[in-house]
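Look through the sequence and the structure first, then read on.

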Amino acid sequence: MILLEDVNKTYSQGAPALNGISLKIEKGEFVFIVGNSGSGKSTLIKLLLKELEPTKGRICVNNRDLGKMKRREVPRFRREIGIVFQDFRLLKDRNVYDNIAFAQKVIEKPTRSIKKRVPQVLTQVGLSEKYKSFPKELSGGEQQRVALARALVNGPSILLADEPTGNLDPKNSWEIMKLLEEVNKRGTTVVVVTHNREIVDAMQKRVITMNKGVIVSDEEKGGHYYADKYVSL
Amino acid sequence: MRISTLAYSIRQGLKNIRRNKLFSIASIGTIAACVFLLGIFYAIVTNFTHIVDNAEEQITITVFFTNGNTEEYKAEHEAIGEQILANPDVADIKYTSSQEAWDEYKGVYFGEREELAEGFGDDNPLANSASYTVYLKDIDKQSEVVAFLKGLDGIRDVNYSESTAETLSDFGKLAGYISVGIIIILLAVGIFLISNTIMIGISVRKEEIGIMKLIGATDYFVRSPFVVEGVLIGLVGATIPLVLLYFIYEKIIGYVMSQFSTLQSFIDFLPTNQIFKIMIPIGLLIGAGIGFIGSKISIRKHLRV
Ligand SMILES: Nc1ncnc2c1ncn2[C@@H]1O[C@H](COP(=O)(O)OP(=O)(O)OP(=O)(O)O)[C@@H](O)[C@H]1O
Ligand SMILES: [Mg+2]
């Protein structure tokens, strides 16, 4: 569960990136976050990961108040959250297998269980034959699937994706979105930031629209991509 | 720590070193120089201390009595002996009776030709010359002890050689201060270079570190490869000069001895094994220590995790 209460975030210079955000996402939901460039979507994601601290307000994730969390508790907290970025952020000097295994090594899983788990997620994202390839030998869609496998390998209860299809063509975008939907069907809460109107309109999910640091609409299942409305505002 | 995590840290540490060859070699070189000089200083200082200790053992104070005849004043001499021994700076005393003094004199001056002494018959020309030889715990305390002895009742004369004692101990101190100074400077340079090497490793892996943090790596897990890197560099840097020193130590001693053969009579160098029994662990510890501190500094400065 994700809960934000009157959250503000102001970077050192300029206007607030988030201004009075209150939001509740239940366990097992699939949520799109849309909005124009600079509306504060990435900032919101970073707050949920405790990569940034809010200037004001309260954030709870998985029943834990991030403001009260000690520094040394942060790693364990993050292990419950999978994260996917627009630019994949794979390690270029490691092959597919090692990129995914890395996420398990980082949390000090024993090698034996890593060897069992990595092929499972690779199959889940449909990349089991490519486990030896290096990132530069893969298409964008494939790289994003590796990144997704890495996010899933530790069995997170929440998956955050910041423009996961931003660098992909429509076909690959759809494949990634379908995978995210599958992940969600297995019980993981999924929050997807996207600019992809076609997909948002087709997938019939909850849609939160942001503009200039505020939530301007929050539609339950069957939401539509309205972000463009606010361009002129 | 899990074995697999330790293995990971070592593998990453080695990878960092390989990736960053030039700086790693520079750091290894500096540490090698540092430990090499340290080793040389250590060898010189321990040998010097050893020589000074030997020399100091020979520096003694001789005390003569107002009433110096053993046969008549034995009890008085023993009483004075107890007073001297009670002084905390005195290590030991040795009594030389009038007869022993004369025997020794004969031995030194007449040698084999005992007949020369026969003229004296049973008379002991040194009948009044019983003495105590006083051994000191610390050569620095000589003047205090001399003053103490002169102040005792029943003492006629106190013989000592001030100049040797003070020159030796002053020289020892000076050598100590200079080597400590140079060693500190070298340590600082070593730490500085290692921390720079690690800093480059950190900056090269910035992206990877960022990803690690986001997927829940502990600070400890993120840092340990860099600590391993520093310690490995330190250990390699220390091993090279230790091996080198081990093989050249004996050669150098041999060389010094043959070049300055006059030294042989009063200088006695420590054997290789005795020196290295201590120098190897110290050298490795210092190498690893420089690496550890250097990496810690760099991590603290550049790895705000
Ligand atoms: N590190 C930063 N320092 C200062 N200002 C920042 C920083 N990051 C973001 N901002 C500002 O905060 C606001 C919100 O940025 P954010 O990245 O959250 O937008 P976004 O909705 O993710 O945009 P996009 O769709 O382009 O990714 C913007 O005005 C941006 O310039
Ligand atoms: Mg963004």
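The points below cover the sheets, the helix pairs and the interface between the chains.

The model is predicted. Chain A has an open sheet of four strands, paired antiparallel. Chain B also has an open antiparallel sheet, built from four strands. Between them, chain A and chain B bury about 2000 Å².

**Sheet in chain A**

- The strand order is β2-β1-β4-β5 (chain A).
- The edges are held by β2 (18-25) and β5 (64-65) of chain A. Each has a single partner strand, so one side of each is left without a neighbour in the sheet.
- Strand β1 (residues 2-9) of chain A runs antiparallel to strand β4 (residues 56-61) of chain A, and five bridges join them.
- Within this pair, I59(A) of β4(A) is the residue opposite L4(A).
- Helix α1 (residues 41-48) of chain A packs on the sheet and touches β1, β2 and β4 of chain A. The direction of this helix makes about 120 degrees with that of β1(A).

**Sheet in chain B**

- Here the strands follow the order β2-β3-β1-β4 (chain B).
- At the edges stand β2 (90-96) and β4 (155-159) of chain B. Each pairs with a single strand, so one side of each has no neighbour in the sheet.
- From one strand to the next, the twist averages 20 degrees.
- Six bridges link β2(B) with strand β3 (residues 131-136) of chain B in the antiparallel sense.
- T96(B) has S131(B) in β3(B) as its bridge partner.
- Helix α5 (residues 142-151) of chain B lies across β1 (60-65), β2, β3 and β4 of chain B. The helix runs at about 5 degrees to β1(B).

**Helix pair in chain A: α3 and α5**

- Helix α3 (residues 96-106) of chain A and helix α5 (residues 140-152) of chain A cross at roughly 25 degrees, and their axes come within 8 Å.
- Angles under 35 degrees count as roughly parallel, so α3(A) is roughly parallel to α5(A).
- The crossing of α3(A) and α5(A) is right-handed.
- From α3(A), the contact uses V96(A), N99(A), I100(A) and A103(A). From α5(A) come V146(A), A149(A) and R150(A).
- By class, the residues of this contact are five nonpolar, one polar and one charged.

**Helix pair in chain B: α1 and α8**

- Helix α1 (residues 3-19) of chain B packs against helix α8 (residues 219-259) of chain B at an angle of about 60 degrees. Their axes are 8 Å apart.
- That angle makes α1(B) oblique to α8(B).
- The crossing of α1(B) and α8(B) is right-handed.
- Residues of α1(B) in the contact include T5(B), Y8(B), I10(B), L14(B) and I17(B). Among those of α8(B) are F221(B), P225(B), F226(B), V228(B) and L232(B).
- The contact of α1(B) with α8(B) divides into ten nonpolar, six polar and one charged residues.

**Interface between chains A and B**

- How many residues does the contact take from chain A and from chain B? Chain A gives 23 residues and chain B gives 23 residues.
- Of the area buried between chain A and chain B, 54% is on carbon and sulfur atoms.
- On the chain A side, R71(A), V106(A) and E108(A) supply 27% of the area that chain A buries against chain B. That is more than any other three residues.

Methods:
Residues numbered from 1 in each chain as written. Chains lettered and ligands numbered in written order. Predicted model: local features only at pLDDT ≥ 70, side-chain atom pairs only at ≥ 80, totals over all residues. Heavy atoms only, no water. Pairing = 2+ DSSP bridges. Helix = DSSP H or I, 4+ residues; strand = E, 2+ residues; numbered from the N terminus. Axes fitted to C-alpha atoms, helices over the stretch in contact; angles between N-to-C directions. Contact = heavy atoms within 4.5 Å. Parallel < 35°, antiparallel > 145°, perpendicular 65-115°, else oblique. Left-handed = near helix turned anticlockwise from the far one by under 90°. Nonpolar A, V, L, I, M, F, W, Y, C, P; charged D, E, K, R; others polar. Buried area = accessible area lost by both parts, 1.4 Å probe.
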